[in-house]
Amino acid sequence: METTQMRKRNSSTIPFGWDRHPKNDYLLVKNSEEYDMIAQMKKLSETQSLRSIGRYVQAHLGRTITPRGITKILKRGY
């Protein structure tokens, strides 16, 4: 049985890799699909531009992300 990872919400912005808890607005629930994408983004960043990584994320998740947003995610060091 897999346990759901949660953490306290610290700001109004929901970080990439997390979703708002369905019953408690003060908690975040790990989004495993987005969290797995972070590892792919790190690998792609070795050879691809930030814009091409953004297009890759949009093609696979349907979520738009800016090059600056990608930089912030990669620096966060999950």
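Colleague: Why is His21 called buried?

Modeller: In this predicted model, His21 has a relative accessible area of 18%. The term buried applies under 20%, and therefore His21 counts as buried.

Colleague: Where is His21 found?

Modeller: His21 is in the loop that joins strand E2, residues 18–20, to strand E3.

Colleague: With which residues is His21 in contact, leaving aside its neighbours within four places in sequence?

Modeller: His21 is in contact with Met6, Leu27, Leu28 and Val29. Each is called a contact because heavy atoms lie within 4.5 Å.

Colleague: How do you know whether Asn31 is buried or exposed?

Modeller: The relative accessible area of Asn31 is 14%. Since buried means under 20%, Asn31 is buried. Asn31 lies in the loop between strand E3, residues 27–30, and helix H1. Not counting residues up to four places away in sequence, Asn31 touches Gly17, Trp18 and Asp19.

Colleague: What does the side chain of Thr66 reach?

Modeller: The side chain of Thr66 reaches the backbone nitrogen of Gly69, at 3.0 Å. Gly69 itself is one of the buried residues of H3. As for Arg55, which is 11 residues apart from Thr66 along the chain, the two C-alpha atoms are separated by 9.3 Å.

Colleague: What span is expected for helix H2, and what span does H2 reach?

Modeller: Helix H2 covers residues 50–61, which gives 12 residues. From its first C-alpha to its last, H2 reaches 16 Å, close to the 16 Å expected at 1.5 Å a residue. After H2 comes Gly62, with a positive phi near 75°.

Colleague: Which residues of H2 are buried, and what covers them?

Modeller: Ser52, Ile53, Gly54 and Val57 are the buried residues in H2. Their cover includes helix H1, residues 32–44, and helix H3, residues 67–76.

Colleague: Which residues of H3 are buried, and against what do they pack?

Modeller: In H3, Gly69, Ile70, Thr71 and Ile73 are buried. These residues pack against H1 and H2.

Colleague: In what order do the elements run from the N terminus?

Modeller: The order is β-β-β-α-α-α, made up of three strands and three helices. The C-alpha trace spans about 40 × 30 × 25 Å along its principal axes. Of the 78 residues, 29% are buried.

Colleague: How many side chains are positive and how many are negative?

Modeller: The chain carries 15 positive and 7 negative side chains. The centres of the two sets lie 9 Å apart.

Technical notes: Residues numbered from 1 in each chain as written. Predicted model: local features only at pLDDT ≥ 70, side-chain atom pairs only at ≥ 80, totals over all residues. Heavy atoms only, no water. Helix = DSSP H or I, 4+ residues; strand = E, 2+ residues; numbered from the N terminus. Buried < 20%, exposed > 50% of the residue type's maximum accessible area, 1.4 Å probe, protein only. Lys, Arg positive; Asp, Glu negative; His and termini not counted. Charge placed at Lys NZ, Arg CZ, Asp CG, Glu CD. Expected span 1.5 Å × (residues − 1). Polar contact = N/O pair within 3.5 Å; in protein donor to acceptor, adjacent residues only side chain to side chain.
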